Every structure is written in structure tokens, then in C-alpha cells.
Amino acid sequence: MPRRVPALLALPLLALCAACAAPTASASGPSPHSEQSYWPGQQALTDAAGAVDAIGVRWPDVYAGVSLDLPADVLLVHRVPAAGFDEAVRRLVPHVTVRFVDAEHAALALDRQAERVVRDVDYWRQRGVSVHSVGTTIGECVTVGVGDPDRDAAVVTAHYRGVPLCVEQGAPLVPLPAN
């Protein structure tokens with residue numbers, strides 16, 4: 001014969017289950033949105049980065065880019081050292097910690113060289129060089145991903161003067177199938 005749970009024990013159990021499922025009010029306010037950052041201070045850093053990036057156009061030979069060090073809560077400003085720029089950035093974003101990183105080349109110079117390499121993709125294809133990607137490394141070089149960097153790095157690098165190229169292994173883009 002099956003055992004029956006006494007009614008006095010079942011009622012508190014049902015009340016506990018109902019309380020767990022019921023919505024509760026919270027004095028702490030609404031729950032965080034899914035797009036809210038895990039890192040405290042990230043929004044302030046992101047806003048400061050946007051502000052610094054916007055004034056970068058006034059310093060085309062100096063400004064190389066920005067990046068964030070979220071664990072340290074620091075805005076990294078990459079620039080070719082020049083009088084006045086650091087102070088202008090500090091005045092613009094006094095509410096965040098800024099660290100300046102020396103760069104060899106400004107973003108504008110790297111971007112122009114990258115655009116030139118992109119325009120030359122057909123030129124390289126006609127010479128047997130597969131250029132799969134073109135980008136930049138902040139303040140350092142234009143990155144060119146090719147099919148055979150051991151064979152092609154010297155000829156590609158020699159073709160461009162001024163801003164250095166970092167030729168690396170690249171791979172063709174594989175389009176994703178549509179659903």
C-alpha cells in the first residue's frame with residue numbers, strides 16, 4: 001500500500017514551490033540589459049575612445065588610433081609623439097585614465113597605403129600573387145594576407161614605399177551559406 005504524505009506537510013511544500021515561481025519585486029531596480037558590459041567602466045572608456053577618435057582628424061600626421069585595456073580600465077591612445085596632442089587628449093577626456101602608446105605611423109598614412117594595396121589586388125593576381133586580406137596594425141604597418149608569404153613577401157614589400165607592410169599568411173574568404 002502506497003504511503004500518503006500527511007496534508008500538514010504537503011501544504012508548506014506547495015506554498016514554497018509557489019513562492020519560488022512567483023515574480024518578486026526588487027528594491028535594486030530593473031535587471032541589467034543583455035547588452036550591458038561585463039566590465040565596469042567600459043561605457044566611459046568607449047565614449048572617451050569615440051571622442052578621441054573624432055579629434056584624430058585634426059591631427060592627421062599624429063593620431064594612430066585608440067584601443068581599450070578593459071581589465072585595467074585604461075584608454076590607450078596610439079600616436080606619433082608630437083607637441084600638444086597628449087595635452088589636447090587629456091583635456092578632452094579628463095574622466096578616464098589615458099596611457100599614450102608611441103606609434104611609428106599615423107592611421108591616415110596606414111589607411112592610404114592599405115587602400116593602394118586593395119586597388120592593386122588585380123595587379124597582384126596577374127602576377128600570381130593571391131592577396132586574401134588587407135588591413136592595418138595600429139601605428140605599425142599595413143597587413144597583407146597572401147597565399148604564400150614565403151614566396152611573395154619580398155616582391156610585395158618592395159613594390160610599396162613609405163609605409164611598411166607586414167606580409168602574413170592569408171586564406172581565401174569562404175562565404176557562409178544562406179539559410
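Helices (H or I, at least four residues) and strands (E, at least two) are DSSP runs, numbered from the N terminus. This is a predicted model: local features need pLDDT of at least 70, side-chain atom pairs count only at pLDDT 80 or more, and totals for chains, interfaces and linings use all residues. Residues are numbered from 1 along each chain as its sequence is written, and side-chain values use heavy atoms, with hydrogens and water left out.

**View 1. The sheet β1-β2-β3.** Three strands make an open sheet in the order β1-β2-β3, and their pairing is mixed. Two strands pair if DSSP finds at least two bridges between them. β1 (63–69) and β3 are the edge strands; each has a single partner strand, so one side of each lacks a neighbour in the sheet. From one strand to the next, the twist averages 25°. Axes behind such angles are lines fitted to C-alpha atoms, for helices over the stretch in contact; angles run from 0 to 180 degrees between N-to-C directions. β2 and β3 run parallel, joined by 6 bridges. Helix α2 lies across β1 and β2, at about 180° to β1.

**View 2. The largest nonpolar core.** A nonpolar core is a set of buried Ala, Val, Leu, Ile, Met, Phe, Trp, Tyr and Cys residues joined through side-chain atoms within 4.5 Å. Buried means under 20% relative accessible area, exposed over 50%, partly exposed in between (1.4 Å probe, protein chains only). This core has 16 residues; Val52, Leu75, Val77, Val89, Val93, Val96 and Val98 touch the most other members. α2 (42–55), β2 (74–79), α3 (85–92) and β3 (97–102) each supply at least two of its residues. α2 gives the most, with 5 residues.

**View 3. Around Val77.** Which residue of β3 stands opposite Val77? Phe100 does. Contact means heavy atoms within 4.5 Å. Leaving aside neighbours within four places in sequence, Val77 is in contact with residues including Val52, Phe85, Val89 and Val98.

**View 4. The sheet β4-β5-β6.** This open sheet has 3 strands in the order β4-β5-β6, with mixed pairing. β4 (131–137) and β6 (165–169) are its edges, each pairing on one side only. Neighbouring strands are turned by 25° against each other on average, direction ignored.

View 5. Helix α4 (residues 107–119) lies across β4, β5 and β6, running at about 175° to β4. Helix α6 (residues 149–159) packs on the sheet and touches β5 and β6; its direction makes about 160° with that of β6.

**View 6. The β5 and β6 pair.** β5 (residues 141–146) runs parallel to β6, and 5 bridges join them. Val142 stands opposite Leu165 in β6.
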